[in-house]
Amino acid sequence: MEPFPSDRIQLPRNMIENSMFEEEPDVVDLAKEPCLHPLEPDEVEYEPRSSRLLVRGLGEHEMDEEEEDYESSAKLLGMSFMNRSSGLRNNGAGYRQNPDGSCSVPSTRTMVVCVVVLVIAVSVIMVIYLLPKCTFTKEGCHKRNHSMEFIYPLATNGKVFPWAKIRLPSNIVPLRYSLFLQPNLTTMKCVGSVRITVNVIQVTWNIILHSSGLNITKATLNLEGRSQEKPVEVLEYPKHNQIAIVAPETLLVGQNYILSLDYSSNLSDTYYGFYKISYKDEQSEKRWLAATQFEPLAARSAFPCFDEPAFKSTFLITIRRDEQHSTLSNMPKNTTVSVTDGIVQDEFYTTLKMSTYLVAFVVGELKNISQETNRTLVSVYAMPQNLGQVEYALDTAVKFLEFYQKYFYIDYPLKKLDLVAIPDTEAGAMENWGLLIFRETTLLYDNKTSSAVDKKLVTRVIAHEMAHQWFGNLVTMEWWNDLWLNEGFATFMEYLALKETFPDLHSDEDLLNLQFKTMRKDALNSSHPVSSAVQSSEQIEEMFDALTYIKGASLLLMLKNYLGEDVFKAGIQNYLLNHSYGSTQSDDLWDSMNEITNGTLDVKAMMRTWILYTGFPLVTVKRKGKTIHVEQERFLRSTGSENQTSSASYLWHIPLTYMTSNHNLTFHFPTVYLLNQKSAKIELSEEVKWVKFNVDMNGYYIVHYAEEDWQILIDLLQRDHTALRPKDRANLINDIFSLAGLGKVPLTKAFDLIDYLTKEDSTAPISQALFQLNLIYSLLEKRGMQELAGRVVNRVVKLLGNKIDHQTWTDNGTLSEQELRSTLLSFACDHNLGTCSTTATDWFKKWKDSNGTMSVPADIMKTIFTAGAKTREGWEFLLTMYTLSVSEAEKSKMLEALARTDDVRKLIWLMQASLEGDHIRAQELFHIIATISQSFPGHLLAWDFVKENWEKLTQKFHLGSFFVQNIVIMSTCQFSTEAHLLEVKTFFESKLEDTSQLHYVEEAIETIQLNIQWMEKNLAKLQQWL
Ligand SMILES: [Zn+2]
């Protein structure tokens, strides 16, 4: 069983593709610059973690890393002041209250004491204010020397660094970059120089910008139009990745200056910045390639820049390379000239105005195929040996380009669009303007080895990255708190574009399944609003999570269904037009929509409740005759939590949809009711037999019916399940199991509801039922309750056994049928049902005997490989074939099969090999750990591996990255004992400084607590009746 069957493929880049706005601390600012991004009151209001605002005014430039200290310090301060004042009262030294309640006139002695106390208190406050570096922790004050340098940090050379905030000042803005780079793929060094034309907004003496790990060798500054370049001093503050250019004279308002910096660096060993990748060519010779991954914060490690999304500029990029290599960048090549023997120089056209995180370049040996559409040349690049697998991507990209231009009503503005598959990257894909970079599994399609699921993945990731060319590239979020404007939209557009362009892929059901999983996460106390305040690099990286992507997309889907297709489309066209080449906040989108609705509906008022509240609503429905009473509250998986009180005032504006027994399904339009109060009454025009809310699960909420109405729906499914559509059936399964988890519905009722599955043919409800049963099975199995877990399997066999028996070992049928086959046969073989394992082992033997030349149906390839890898010989053969295969789709299935062996030594070897990156690429490590965590022999190993290699993992993949988020969640989500809870807590407490504020650590701990609760509540009952 796979509790999370396809999370890996369903969360591209940025998920795979690669999760609170923190108040800027008040720091005494020499330049007296106002903050570029003032804190929005609303952002604070809705952010439960804004408790850190308690320390506002203390002043601190290291808020990101020491915020725990500050919260402690605030608490300590609060307490000490409280104690002091109560001490005053108790000691009777201050004002005394008379029995009648009036105050007596203080004595001279009392007044003197008061004045002294006041002076001390003022002094303490002054000291605290002026010494922001000093934090009140258990260890006491960090610095002993209280002097001026505590207001501003010290640069590496010991001088005062003139800026203390993480965000850059707004006194200088960049206009143009001219960037020169010469990467050397032999020495792995890179020489670079950048000329940045900046405009002065407010008079200043310093230019503050980003730079990380760059060795700056020369810096000059000159007024634009003047040739005299003056050398300038560069101060570095690595903690914030910032440098300060100290101007020789005042920089005048309105003037443009040119800042020139020469530097050198090493090509990166990680997956961020300008990094090197080794691979084997067709002759199995080791070769090198260099590519970029800048989002969110790594452009600064390739060139000094103003690395915040709102600082949009143009970029003129020049790259010097070896003759045999080729280069790609955002824009088409303008000139190529020979420099010296074997060295040539490519200059690209100047880009449009864009953010630094979208700048990209690739240097290496690549081959491509191209096609022109609407004056844009679309090309797909890959390693030469993979050129046979790029055709599908090219056709798909051309179709999507045409679709998006029509849908957004804005032409793609560049003359070329490159899609490049590179052999090693953490991200699933990256949307750099004009130069989309993918991992090979998300771009290459091979007829023989790619399954239905693989095809969908490639299609979806292309759709996602291309949608970003408008959402993200043309119009960009102002700051990372609104990342959902990029990612929620691109995810939403994936499904919309697929539905319109490739209807046979049935992709909207995939979004449904992801929505169910995301709601499980969003129903935790550790969840956060879609638009959350973020500042530190970890917080920014953590924004790349399911809430930003899937919840963001689900909310847009809900809005589209409420407004109607035409109004919604006009709204986003208006938004893109209003803000082309600019930066936006969430409210800009709602304002653009409101211009279209023209007062008939306030989109902003409605959507702010969804974007700024944490979690989502539970709608309780009670029916009496023709009257339906509906009521909303926050849905939380844990009962009695403090968040229930804090969210008691939440009032979502819920566009409730419902259908009744009197609707004709064929011509059915759901009835909509906007619930923006705590409760309301809906009057039906006539009495009905049943009512089902949240039609097609287009709304992001869970519905709870009265006991009789649940029974009516259970009976309806038994009698005539086609009265509801597949998505509604899947929705009922999700809702009833979610409510059973809370104890609002007996678990037996949830099992009663899925009894109708014997008649079910649609993939969505079957997948959802299997997902819910898998969760229960996994908990029981990992607690060693094999007999009881076996009874869960028997239940599945009772419901789906017939369907499993009728599956053929082919690739025939519709895509939906192929997917269902994959799921059912994989389940059957995992649990040794019927003849599944024997058939799979026979297939594997034949394939092995043919030395891997025999063709195997792609949809069941993973099942066949998994069965074969159960033996030592089979496993070793598969590993050999893995190293030889040129199809990434095939390799991915092989790797998963290898990671599903029961041999623990092999499992440990796989994880270690992937971490080292020699036999298996490090990009695969997530896939390996996720697979191993699910198995009985592997789940403890996976967690041990994560603990033992924590430092290495967080160095290679970053603490806040999607990768680290998910290996922590995956490797702990099946624990359900106090001992494991304590162990996980203790581990992260030992890393307190790094992990205390991370959502995913809170999520991991809360999930174990919920598992423990679930077992306590349900175990005895399950043993009785299952
Ligand atoms: Zn994206």
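## Close-up views of a predicted model

**View 1. Asp587 sits in helix 13 (residues 586-597)**. Helices here (H or I, at least four residues) and strands (E, at least two) are DSSP runs, numbered from the N terminus. This is a predicted model, in which local features need pLDDT of at least 70 and side-chain atom pairs count only at pLDDT 80 or more, while totals for chains, interfaces and linings use all residues. Residues are numbered from 1 along each chain as its sequence is written, and side-chain values use heavy atoms, with hydrogens and water left out. With a relative accessibility of 16%, Asp587 counts as buried (under 20% relative accessible area; exposed is over 50% and partly exposed in between, with a 1.4 Å probe and protein chains only). Setting aside neighbours within four places in sequence, Asp587 is in contact with Lys604 and Arg608 (contact means heavy atoms within 4.5 Å).

**View 2. Val695 lies in a loop between two strands**. Look for Val695 between strand 28 (691-693) and strand 29 (702-705). Val695 is buried, at 2% relative accessible area. From C-alpha to C-alpha, Val695 and Val672 are 9.6 Å apart in space, and they are 23 residues apart in sequence.

**View 3. Helix 9 spans residues 508-522**. Helix 9 has 15 residues and reaches 20 Å from its first C-alpha to its last, close to the 21 Å expected at 1.5 Å a residue (1.5 Å times one less than the number of residues).

View 4. Strand 9 gives the most, with six residues.

**View 5. Residues 1-106 have a pLDDT below 50**. Here pLDDT is the predictor's confidence in each residue, from 0 to 100. The protein chain averages a pLDDT of 85, and 84% of the residues score at least 70. For residues 124-149, pLDDT stays under 50, and the model has 43 contacts beyond four places in sequence.
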